Amino acid sequence: MVNFKGLSSHADRDHLLAWAEHFSPRPQQVFVVHGDREVTELFANDLNQRGIPAHAPLYEEVYDLVTNCMLAKGVVLEVKKTVGSAAAPSAAFLRLQDVSRELSDLVNRSRGRSNKDLAKLAEQIRLVMEKWA
């Protein structure tokens, strides 16, 4: 059995971000290579916002690790459409479902708060829904 220190098997965004923030010294470059293209780009942006240089490389991208520079840009692969069967939900959609359950729990825990606080929460939720409707 081999223990690779510094590798993570987490599948959760928040835990991965916390894990990455604990490196000392910080990595010079992180490559986000696991997940759908949109998800890897979002996660790389999250890391960059936390001061951790990150990049979601495209297919066939060439990167020189010694000089820390991209040598050749990659290409975006087209996703093949499946016929006759529903595609599995994306990681982003599953995350949205998780957050909606958390919102429902928050609403249920809010019983007994002041009418002013409840009205403010309801208005904020309504504004978000209107934005995305």
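In which helix is the place of D46? D46 sits in helix α2. The views below show a predicted model, in which local features need pLDDT of at least 70, side-chain atom pairs count only at pLDDT 80 or more, and totals for chains, interfaces and linings use all residues. Residues are numbered from 1 along each chain as its sequence is written, and side-chain values use heavy atoms, with hydrogens and water left out.

View 1. D46, in helix α2, is buried, with a relative accessible area of 14%. Buried means under 20% relative accessible area, exposed means over 50%, and partly exposed is in between (1.4 Å probe, protein chains only). Helices (H or I, at least four residues) and strands (E, at least two) are DSSP runs, numbered from the N terminus. Not counting residues up to four places away in sequence, D46 touches R13 and L17; contact here means heavy atoms within 4.5 Å. A network of salt bridges links D46 with R13 and D14. A salt bridge is a side-chain nitrogen of Lys or Arg within 4 Å of a carboxyl oxygen of Asp or Glu. Side chains of opposite charge can pair when their charged atoms come close.

**View 2. The largest nonpolar core.** Ten residues make up this core: L16, L17, A20, V32, F43, A44, L47, I52, A54 and A56. The elements that give two or more residues to the core are α1 (13–21) and α2 (37–49). A nonpolar core is a set of buried Ala, Val, Leu, Ile, Met, Phe, Trp, Tyr and Cys residues joined through side-chain atoms within 4.5 Å. F43 is in contact with R13, L16, L17 and V32, leaving aside its neighbours within four places in sequence.

**View 3. T40 in helix α2.** T40 is found in helix α2. Is T40 buried or exposed? T40 counts as buried because its relative accessible area is 6%. Leaving aside neighbours within four places in sequence, T40 is in contact with V32, V33, H34, G35 and A56.

**View 4. Two aromatic pairs.** The structure holds two aromatic pairs. W19 and F23 form an edge-to-face pair, 5.1 Å centre to centre, with 85 degrees between the planes. W19 is partly exposed, with a relative accessible area of 29%, and F23 is partly exposed at 29% relative accessibility. F31 and Y63 also form an edge-to-face pair, with 4.7 Å centre to centre and 80 degrees between the planes. This pair links distant parts of the chain, as F31 is in strand β1 (residues 30–31) and Y63 in strand β3 (residues 62–64), 32 residues apart. F31 is partly exposed at 29% relative accessibility, and Y63 is partly exposed at 21%. Rings of Phe, Tyr and Trp (its six-membered ring) pair if their centres lie within 6.5 Å; planes under 30 degrees apart count as stacked, over 60 as edge-to-face and the rest as tilted.

**View 5. Salt bridges between side chains.** How many salt bridges does the structure hold? The structure holds eight salt bridges. One of them joins R50 and E21 (3.3 Å, N to O). R50 lies in the loop between α2 and β2 (54–55) and E21 in helix α1, so this pair ties together parts that are 29 residues apart in sequence. R50 is partly exposed at 30% relative accessibility, and E21 is partly exposed, with a relative accessible area of 33%. E38 forms a salt bridge with R37, and the closest N and O atoms are 3.8 Å apart. E38 is partly exposed, with a relative accessible area of 48%, and R37 is partly exposed, with 38%.

View 6. The side chains of E130 and R126 meet in a salt bridge (2.0 Å, N to O). Both residues lie in helix α4 (residues 115–132), four residues apart, about one turn of the helix. E130 is partly exposed, with a relative accessible area of 48%, and R126 is partly exposed, with 32%.

**View 7. A nonpolar patch on the surface.** Y59, V75 and L77 form this patch and together have about 300 Å² of accessible area. Accessible areas come from the Shrake-Rupley method with a 1.4 Å probe; for residues, only the protein chains shown count as cover. Patches are made of residues with over 30% relative accessible area and no salt bridge: like charges are joined within 9 Å, nonpolar side chains (Val, Leu, Ile, Met, Phe, Trp, Tyr) within 5 Å. L77 is found in the loop between β4 (69–72) and α3 (91–109). L77 counts as exposed because its relative accessible area is 53%.
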